[in-house]
Protein chains: 2
Amino acid sequence: MKKFINSPDTVLTDALAGVAAAHPSLTVDPVGRVITRAARARPGKVALISGGGSGHEPLHGGFVGTGMLDAACPGEVFTSPVPDQMTTAAKAVDSGAGVVFVVKNYTGDVMNFQLAAELAADEGINVATILVDDDVAVQDSTWTAGRRGTGATLLVEKIAGALAEKGGDLAAVSDLGTRVNAASRSFAVALTACTTPAAGKPGFDLPEDEIEVGVGIHGEPGRSREKIRPAAELAATMVEAVWSDMPLPRGAETIVMLNGLGATPLIELYLLFGDVAARLAERGVTIARSLVGNYITSLDMAGASLTVCHADQQMLDLWDSPVDTPALRWGC
Amino acid sequence: MKKFINSPDTVLTDALAGVAAAHPSLTVDPVGRVITRAARARPGKVALISGGGSGHEPLHGGFVGTGMLDAACPGEVFTSPVPDQMTTAAKAVDSGAGVVFVVKNYTGDVMNFQLAAELAADEGINVATILVDDDVAVQDSTWTAGRRGTGATLLVEKIAGALAEKGGDLAAVSDLGTRVNAASRSFAVALTACTTPAAGKPGFDLPEDEIEVGVGIHGEPGRSREKIRPAAELAATMVEAVWSDMPLPRGAETIVMLNGLGATPLIELYLLFGDVAARLAERGVTIARSLVGNYITSLDMAGASLTVCHADQQMLDLWDSPVDTPALRWGC
């Protein structure tokens with residue numbers, strides 16, 4: 001294992017020190033393991049909090065800032081944060097209007113956020129939860145009952161975050177986030193496994209000519225192991241996987257994210273996006289907005305995920321709203 | 001070799017199709033291989049043009065937009081663009097105020113941009129050139145006489161681009177860019193080699209416990225091959241390499257970029273940046289601005305480069321100026 005680390009035990013602490021040094025716009029509590037905005041949000045604003053295992057950067061800390069999250073709670077690598085982190089975050093950012101937890105559907109995260117919601121309620125904080133479960137690859141998985149939460153998390157955080165910034169109340173923000181999740185589907189393909197610092201070796205073996213189709217963001221098995229094939233064919237596979245679960249009417253407007261899993265060069269992501277765009281065009285779908293890059297990663301896994309959100313006008317308008325975070329920034 | 005490609009021969013063409021599909025703010029000419037802003041720049045504005053081999057994305061196409069480049073000319077992977085690309089770009093974006101070529105110091109690029117400058121001059125276009133040669137690792141290299149141009153390219157394009165946007169004339173913009181380069185030093189470490197689509201195998205062999213110290217962005221050899229060691233020690237090595245070439249007075253203000261070479265996860269880049277920041281703090285240097293992420297890559301190479309720019313107030317102000325490109329965006 002060759003990584004820029006000091007010790008497998010200090011990866012998160014050391015990385016948080018770097019986040020703090022890089023981003024004066026964030027306040028990083030390295031002991032409580034909570035990242036918040038350095039600038040206090042508008043009083044009366046509904047606060048958005050997310051979190052999950054580390055190793056998926058820029059998710060979630062990179063999405064803390066105006067128009068998106070108020071706080072992020074990073075767990076150890078591929079390990080859920082503990083409830084204390086979320087309650088600490090809730091107390092730090094609640095201005096009385098309540099907090100929304102954005103939770104990816106993994107057993108540990110769901111349980112810990114649920115506990116945190118109860119603890120926060122005991123403190124008099126109103127909590128609503130948006131559960132993200134957009135990955136169509138498998139119904140249940142290593143760490144999941146039901147579908148896994150992956151790329152749609154970014155869309156939920158962006159769009160619900162924008163509504164919260166504009167003054168939406170707790171019910172409106174959580175309802176919209178839930179609608180965004182319901183309108184989104186994702187599917188990922190891995191060319192290589194990832195290596196956690198603790199394990200020190202790849203999470204699975206993948207022969208030099210094979211890929212994992214439908215992989216999860218922790219390297220959970222997908223639907224099948226197949227021979228590598230041209231990008232245009234892989235794009236067709238990814239689009240078909242999403243489509244078979246959520247066929248769209250001709251003329252449907254979409255937000256499409258082609259996301260790198262960590263070790264795939266941007267030139268390949270653009271190339272694959274071009275093929276995805278061609279496949280969607282054949283089906284009469286309009287890509288109204290898009291993102292190409294590394295947004296929800298899986299450490300050093302080579303691969304890519306496709307997320308398609310069937311967006312209505314409110315979602316598109318809120319997508320375009322100003323956002324000012326380390327990893328997503330426009331209009332500010 | 002497992003990559004998201006259709007054929008080694010069509011990588012650039014296919015990737016440009018994806019860039020065009022992803023970024024309505026850009027106009028992509030796939031035949032002439034020129035990327036320009038879709039929106040015409042202000043008449044009378046000095047135009048900035050850069051280019052170089054592909055495989056370093058988002059450099060340069062990802063930096064086309066308000067406040068940065070007017071055009072980018074991508075060559076094949078790790079291959080200089082041809083002079084026709086630069087003259088086509090110059091004719092497309094010159095508004096009479098002249099064009100500045102930002103050229104990384106590699107033999108092919110220098111020669112082809114020089115030829116293009118002569119051809120453009122024949123067409124009545126005033127051309128100035130900024131040569132970037134910031135990599136302190138080696139004096140001459142596989143593809144270079146003198147130092148290699150690497151990370152400082154982004155700083156030159158951002159800062160000189162901002163001055164051009166504000167109305168700086170040809171001499172002022174090119175002088176400033178040259179000053180930024182002179183005030184910048186870079187040094188890179190590779191954990192793995194990269195694989196070009198044409199070669200199909202890694203450019204060099206690196207044992208499982210060794211790293212290439214002082215590597216170039218095409219995998220050119222560095223200063224030494226050494227055992228992997230903790231991030232804090234590698235950060236010290238990188239800072240010392242830059243410092244020994246450009247010692248800074250206490251209190252010096254800097255712009256620091258910790259750049260991933262393509263396959264290194266963001267969590268590791270933040271971790272390494274934290275250690276770099278600590279080493280610079282020990283030396284009394286202020287990190288006034290920073291960037292952590294993948295900005296000038298080397299395909300699927302795992303590794304990182306450090307760029308330190310000793311910035312004056314003008315550079316900091318122009319760094320903060322609005323920029324609206326696919327890969328760098330703030331204040332717009």
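This is a predicted model: local features need pLDDT of at least 70, side-chain atom pairs count only at pLDDT 80 or more; totals for chains, interfaces and linings use all residues.

Modeller: Residues are numbered from 1 along each chain as its sequence is written, chains are lettered from A and ligands numbered from 1 in the order in which they are written, and side-chain values use heavy atoms, with hydrogens and water left out.

Colleague: What is the area buried between chain A and chain B?

Modeller: Contact means heavy atoms within 4.5 Å, and 59 residues of chain A are in contact with 59 residues of chain B. Buried area is the accessible area (1.4 Å probe) that two parts lose on being put together, summed over both. Carbon and sulfur atoms give 65% of the area buried here, and the total is about 4500 Å².

Colleague: Which three residues supply more than any other three of the area that chain A buries against chain B?

Modeller: Their share is 22% of that area, and the three are A:Lys2, A:Phe4 and A:Ile267.

Colleague: Which residue of chain A forms a salt bridge with B:Lys3?

Modeller: A salt bridge is a side-chain nitrogen of Lys or Arg within 4 Å of a carboxyl oxygen of Asp or Glu, and the rule finds two across this interface. For B:Lys3 the closest N and O atoms are 3.7 Å apart, and the partner is A:Glu268.

Colleague: Which element gives the most to the side of chain A that touches chain B?

Modeller: Helices (H or I, at least four residues) and strands (E, at least two) are DSSP runs, numbered from the N terminus. The elements that give two or more residues to this side include helix H1 (11–22), helix H6 (231–245) and helix H7 (266–282) of chain A. With ten residues, the one that gives the most is H7(A).

Colleague: Which residue does a cis peptide bond join to A:Leu59?

Modeller: Most peptide bonds are trans. Here omega is about -10°, and the second residue is in the loop between strand E3 (47–54) and strand E4 (71–77) of chain A. The residue joined to A:Leu59 is A:His60.

Colleague: Is A:Leu299 buried or exposed?

Modeller: A:Leu299 has a positive phi of about 50° although it is not a glycine, and its place is in the loop between E11 and E12 of chain A. Buried means under 20% relative accessible area, exposed over 50%, partly exposed in between (1.4 Å probe, protein chains only). Because its relative accessibility is 2%, A:Leu299 counts as buried.
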